[in-house]
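Here are a few friendly notes to read with the model open beside you.

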Amino acid sequence: MILQSDKPKEECAIYGIYNSKEAANFTYLGLYSMQHRGQESSGIVTTDGSHLYRYANMGLVANIFTQPKIKELIGDSAIGHNRYSTTGASFLRNAQPIRVESHLGPVALAHNGNLVNSWDIRNRLERDGSIFQTTIDSEVIVHLMAKSHKTDLLEALCESLGQVRGAYSLLVLTPRYLIAVRDPNGFRPLVMGKRSDGSIVFASETCAFDITDTEYVRDVEPGEMVVIDHTGVRSLYPFPKAKPSLCIFEYIYFARPDSYIFEESVYKVRKSLGRQLARVMPVEADVVIPVPDSANIAALGYSEESGIPYQSGLIRSHYIGRTFIEPDQKIRDFGAKIKYNVVKEVVNGKRVVIIDDSVMRGTTSRKIIKMIRNAGAKEIHFRVSAPPTVSPCYYGIDIPTHKELIASTHSIEEIQKYLRVDSLAYLTLDTMHKAVEGHKGGGFCDACFTSNYPVEFQDHAGNQKSLFTEYATEE
């Protein structure tokens, strides 16, 4: 049986390090700490200044990279990638980093995000004779570089990225360079740090710095290209400026609460979301419980603001994989029960406030609520620390289609009836943005809540659109 989660999935995590004797080991540790951003495949590419060495496989970081495999990854610079597929199906050939050979020499690339015009570019390149080895959008970048008439790698990379649109935080590794690039809108996070041995590190989140004793220096800015070689570190800004569109869902759900992204503490923002929720959507109750683990901090904020005690009423198993064996004797709501269990002492006879950070299809939420009701809860009030999710994401998050999103096709009253709760309330759009007031990085992308997409795209027929309807990115 495959466990179907009712939560969105992030595309990936990326990690890079320049000039460290422990490059492969540190990359392994960085990827391990960002396992939450992708669990389908993982890969590392290293360089010794002459060659690129690559290993990738399906599964979790700790299972893929044994000590013998790490020792085979020679060199003092490396990039790594954890993947969850948004564009391109889950096959080993789609594992990143990508490594290619061209007139520019050997190049490896790790990508977090999604290119909204990749199919149009891919079709054009295939008509011109390019042969693709994967079905992922990231591969169009290296094909564009290979077809470039530029003889300088940096110029070829800039020319290639000038042709793509959408979300990309990239790490590019060659025998000479480690390059970090963030798209002009800055959709996905990318942070830069430095170790005491002088090595420079990049990662999707700062939690990857803590495990390797790396000091956070700053964010890679939207539209910035950071180039590192033996001469040092330099910054380029080769792209036209764009309005910042930082993914607000990173704060709500994806990033680890101990990380800093977009120059702000995830813990602080998530707690503020819970506080705002308590202010605008209060309810009389006896206990506040989160849907673990992503809603824990928002529930803590709700509890502190409302004065209602916080308790761990749901216990989540951390040891289940994507597949498991279901018993021959069918158990009702087995998928939810294997992931969560109710602490009856917390909810029995109580008026319970359940805090969750998002609701996609609503199927898992309904099963959890039923379990809590069966455990003796007198009342159940469901509160969501984000607005209703009404639209898919096309910038690197696997949010379901319009027809699968319950808030896209049903009113709040209808959702409340479906979930079978005594009350249901979401955070409003305005109060969500209040939680990040004073943010240094500028504006946020909230398209999954508003359908206002900041970057235009082309459908498979090449028709220009300003808003998405449906854009199938899987095979």
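1. Ring pairs link Y28, Y32, Y55 and F65 into a cluster. Rings of Phe, Tyr and Trp (its six-membered ring) pair if their centres lie within 6.5 Å; planes under 30 degrees apart count as stacked, over 60 as edge-to-face and the rest as tilted. Please keep in mind that this is a predicted model: local features need pLDDT of at least 70, side-chain atom pairs count only at pLDDT 80 or more, and totals for chains, interfaces and linings use all residues. Residues are numbered from 1 along each chain as its sequence is written, and side-chain values use heavy atoms, with hydrogens and water left out.

2. The count of aromatic pairs comes to 12 by this rule. One of them is F249 with F254, a tilted pair at 5.7 Å centre to centre and 45 degrees between the planes. Y251 and F262 form an edge-to-face pair, 5.8 Å centre to centre with 85 degrees between the planes. Both Y251 and F262 are buried (under 20% relative accessible area, 1.4 Å probe, protein chains only).

3. R122 lies over the face of F132, 4.2 Å from the ring centre. For R366 the ring is that of Y418, at 4.6 Å from the centre. The rule here asks for NZ of Lys or CZ of Arg within 6 Å of the ring centre and within 35 degrees of the ring normal.

4. Seven strands make an open, antiparallel sheet in the order β4-β3-β5-β2-β11-β10-β12 (strands are DSSP runs of E, at least two residues, numbered from the N terminus; two of them pair if DSSP finds at least two bridges between them). Within it, seven bridges join β2 to β5, and C12 stands opposite R83 in β5.

Technical notes: Helix = DSSP H or I, 4+ residues; strand = E, 2+ residues; numbered from the N terminus. Buried < 20%, exposed > 50% of the residue type's maximum accessible area, 1.4 Å probe, protein only.
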